[in-house]
Amino acid sequence: MKNRRLARASRQSGAIAGNLMLAPMVMAMRLPMMATEARKGGPLHGESLAAVTEKTTAMAEGMVAAQISCFQSALQFWPEVLSGRTPSVLNGVAAQKSVAAALKPASKRVRANFRRLATKSGT
């Protein structure tokens, strides 16, 4: 049971890291579109507006997910102590889960943007 959880956490961390490694490529694909929009002038629109909105939304979702994860770990403190296990708050598992929860929304956005921009540019 414990090995399965560790394997799942490892796969999840690897997937998040892999998706976030696409961020430079997404930026490189977005820059020409954003430069074209900047030449037109005016307020943010199109790809520029999407970039700002997606980052703000992903950050807010990540903060909420991290807080929920911390709260769930705190709720599990006494059940873990009473069952003879080391509480996840003390052994670092809670922090690991919180970080993974915080990065997951950004990871999903980067992967989705990469797919969308790759099909748009024909890559």
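**Labels and their grounds**

Reply: Leu44 is found in the loop that lies between H2 and H3. This is a predicted model, in which local features need pLDDT of at least 70 and side-chain atom pairs count only at pLDDT 80 or more, while totals for chains, interfaces and linings use all residues. Residues are numbered from 1 along each chain as its sequence is written, and side-chain values use heavy atoms, with hydrogens and water left out.

Me: What makes a stretch of the chain a helix, and how many helices and strands are there?

Reply: Helices (H or I, at least four residues) and strands (E, at least two) are DSSP runs, numbered from the N terminus. By that count the protein chain has six helices and zero strands. The pattern along the sequence is α-α-α-α-α-α.

Me: How do you know whether the protein chain is spread out or a compact globule?

Reply: The radius of gyration is taken over C-alpha atoms, and the globule rule is 2.2 Å times the number of residues to the power 0.38. For 123 residues the rule gives 14 Å, and the chain has 19 Å, well over that, so it is more spread out than a compact globule. Along the principal axes, the C-alpha atoms fill a box of roughly 65 × 30 × 15 Å.

Me: Why is Ala101 called buried?

Reply: Ala101 has a relative accessibility of 19%, so it counts as buried. Its place is in helix H6. The C-alpha atoms of Ala101 and Ala65 are 5.4 Å apart, and the two residues are 36 apart in sequence. Phe114, also found in helix H6, is partly exposed at 24%. Of the 123 residues in the protein chain, 23% are buried.

Me: What makes Leu44, Leu49 and Val52 a nonpolar patch?

Reply: Patches are made of residues with over 30% relative accessible area and no salt bridge; nonpolar side chains (Val, Leu, Ile, Met, Phe, Trp, Tyr) are joined within 5 Å, and like charges within 9 Å. Together with Val52 they form a nonpolar patch with about 260 Å² of accessible area. Accessible areas come from the Shrake-Rupley method with a 1.4 Å probe, and for residues only the protein chains shown count as cover.

Me: Which residues gather in the patch of positive charge?

Reply: Arg8, Arg11, Lys104, Lys108, Arg111 and Arg115 gather there on the surface. Lys and Arg count as positive and Asp and Glu as negative, with His and the chain ends not counted. The place of a charge is NZ of Lys, CZ of Arg, CG of Asp or CD of Glu. Helix H1 (2-20) and H6 each supply at least two residues, and H6 gives the most, with four. Arg115 lies in H6 and is exposed at 54%.

Me: What makes the contact of Glu54 and Arg30 a salt bridge?

Reply: A salt bridge is a side-chain nitrogen of Lys or Arg within 4 Å of a carboxyl oxygen of Asp or Glu. Between Glu54 and Arg30 the N to O distance is 2.7 Å, so the pair qualifies. The pair links distant parts of the chain, with Glu54 in helix H3 (residues 46-75) and Arg30 in helix H2 (residues 23-40), 24 residues apart. Arg30 is buried, at 3%.

Me: How many salt bridges are there in the whole structure?

Reply: The search finds two. Arg109 and Glu61 form a salt bridge, their closest N and O atoms being 3.0 Å apart. Arg109 lies in helix H6 (residues 93-121) and Glu61 in helix H3, so this pair ties together parts that are 48 residues apart in sequence. Arg109 is partly exposed at 23%, and Glu61 is partly exposed at 37%.

How values were computed: Buried means under 20% relative accessible area, exposed over 50%, partly exposed in between (1.4 Å probe, protein chains only).
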